[in-house]
Amino acid sequence: DHAMGAPVETPLACHDAKVDGIGPVKCCPPYDWGHLGHWGEIVDFKFPSPSSPMRVRKPAHRLDHVNLLKYKEAIRLMKALPDDDPWSLTQQAKIHCAYCNGAYYQKGYNKIPLQVHSNWLFLPFHRLYIYFFERILGKLIGDETLAIPFWNYDAPIGMEMPSIFLDSSSSLYDENRDDRHHPLRVLDYDYTIKGSKNCPPTESISPKDTMTNNMCKMRYSVFRDDNLLIPELFMGAPVRGGESIESHGSLEGLHNTVHNWTGLPISFNFDMGNFFTAARDPMFFSHHANVDRLWEIYRKSRRYKTEFNDSDWLDSSFLFYDENKQLVRVKVRDSLKPSDLRYTYEDVEIPWRSSAI
Ligand code: C2O
């Protein structure tokens with residue numbers, strides 16, 4: 001029946017997630033929360049009003065003071081919410097765990113886990129996930145312009161942990177990061193946990209060479225000709241209802257390295273280095289804002305041609321609590337235009353675009 005095809009859909013039932021080497025983990029949403037009382041009341045997603053303000057996501061390394069204060073305050077409030085509030089950072093992080101560690105079986109397929117990594121759902125899912133996260137943060141401080149700062153690690157100036165995340169007295173801090181990589185350690189797209197876990201980071205090439213190498217890799221991941229012609233090389237392979245596919249695209253591969261480089265390199269790589277804990281670190285959302293921006297750069301070079309003109313992709317759907325504490329069903333097709341979602345990215349230089357690097 002796989003040949004017939006069907007979109008991947010999120011079911012109502014959720015069960016314990018499985019984490020390799022750890023066992024069952026509780027990642028389900030809080031069923032009994034608040035006035036919803038249960039999962040039952042789901043509404044279909046609607047775009048925000050076209051007249052609502054455009055949120056402008058700015059590079060984290062040069063976030064202005066006013067926006068930094070707002071962002072810190074919003075995250076502080078989110079962290080302070082009770083753990084069973086769907087808006088709390090605890091629950092927001094569990095969303096990632098649930099969709100990544102098998103807490104849902106695909107609707108209609110009772111043994112096939114819903115997995116949003118290593119396939120064509122990766123970019124749309126994460127776009128929508130951080131979209132709701134951002135709107136909830138805005139709601140918490142009553143500011144409809146609040147925007148996630150993006151970690152601009154594709155440009156040399158952003159190839160380190162952004163300093164806004166490193167102040168241990170700030171809400172943006174997370175202690176489960178690899179201390180050897182900050183401050184001022186250059187992010188290395190060739191970093192592997194395997195090679196570095198028990199050894200100091202390699203000093204063999206200069207920071208400048210690492211940056212140049214990174215930009216070459218970035219250019220290759222985004223603009224390599226076949227990537228532009230064959231979206232699954234960039235986005236990840238198709239997965240349809242009832243299938244389990246593990247074949248990630250070039251951007252996701254590079255993104256994995258950034259996770260592993262950031263997370264604590266103990267046996268299970270907390271927080272950023274492991275799916276089920278990654279989104280406990282506020283840096284996660286800035287990392288994904290950049291992934292999302294890179295997807296836009298890719299889309300723009302394809303003149304916004306839909307990557308997969310295939311209803312199995314376009315109608316795949318996810319469930320999220322929105323900024324009104326309403327559970328909504330949102331489809332991949334809803335994710336394709338940031339302007340419809342009322343956010344955009346501040347323009348920054350894209351030094352890796354040219355082949356001169
Ligand atoms: Cu769901 Cu950066 O991974």
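Author: What follows is a short tour of helices, contacts and backbone angles. This is a predicted model, where local features need pLDDT of at least 70, side-chain atom pairs count only at pLDDT 80 or more, and totals for chains, interfaces and linings use all residues. Residues are numbered from 1 along each chain as its sequence is written.

Reader: Is α2 mostly covered or exposed?

Author: Count C-beta atoms, placed from the backbone: 20 or more others within 10 Å means buried, 12 or fewer means exposed, and in between is partly exposed. In α2, 10 of the 12 residues are buried. Among them are Leu89, Ile95, His96, Cys97 and Cys100.

Reader: Which elements do the buried residues of α2 pack against?

Author: Contact means C-beta atoms, placed from the backbone, within 7 Å. The buried residues of α2 pack against strands β1 (17-19) and β2 (23-25), and against helices α1, α3 and α9 (275-278).

Reader: At what angle do α1 and α3 pack?

Author: Two packed helices are described by the angle between their axes and the distance between the axes. Axes are lines fitted to C-alpha atoms, for helices over the stretch in contact, and angles run from 0 to 180 degrees between N-to-C directions. Helix α1 (residues 65-80) meets helix α3 (residues 122-141) at about 95 degrees, and the axes are 9 Å apart. That makes the pair roughly perpendicular. The classes are: under 35 degrees roughly parallel, over 145 roughly antiparallel, 65 to 115 roughly perpendicular, the rest oblique.

Reader: Which residues in α1 and α3 meet?

Author: From α1 come Lys70, Glu73, Ala74, Ile75, Leu77 and Met78. From α3 come Leu137, Leu140 and Ile141. By class, the contact has 7 nonpolar, no polar and 2 charged residues. Here Ala, Val, Leu, Ile, Met, Phe, Trp, Tyr, Cys and Pro count as nonpolar, Asp, Glu, Lys and Arg as charged, and the others, Gly among them, as polar.

Reader: Now backbone angles. What is phi near in Ser118?

Author: Most residues other than glycine have a negative phi, and most peptide bonds are trans. Ser118 has a positive phi, near 60 degrees. Ser118 sits in the loop between α2 and α3. Ser118 is buried because 20 C-beta neighbours lie inside 10 Å.

Reader: Is Tyr304 buried or exposed?

Author: Tyr304 also has a positive phi, near 60 degrees. Tyr304 lies in the loop between α10 (283-301) and α11 (311-314). Tyr304 has 11 other C-beta atoms within 10 Å, so Tyr304 is exposed.

Reader: Where is Pro48 found, and which residues does Pro48 touch?

Author: Pro48 is in the loop between β3 (42-44) and β4 (55-57). Not counting residues up to four places away in sequence, Pro48 touches Leu341 and Arg342. Pro48 and Leu341 are 293 residues apart along the chain, yet their C-alpha atoms are separated by 6.4 Å. Pro48 counts as partly exposed because 17 C-beta neighbours lie inside 10 Å.

Terms used: Helices (H or I, at least four residues) and strands (E, at least two) are DSSP runs, numbered from the N terminus. Two residues are in contact if their C-beta atoms, placed from the backbone, lie within 7 Å.
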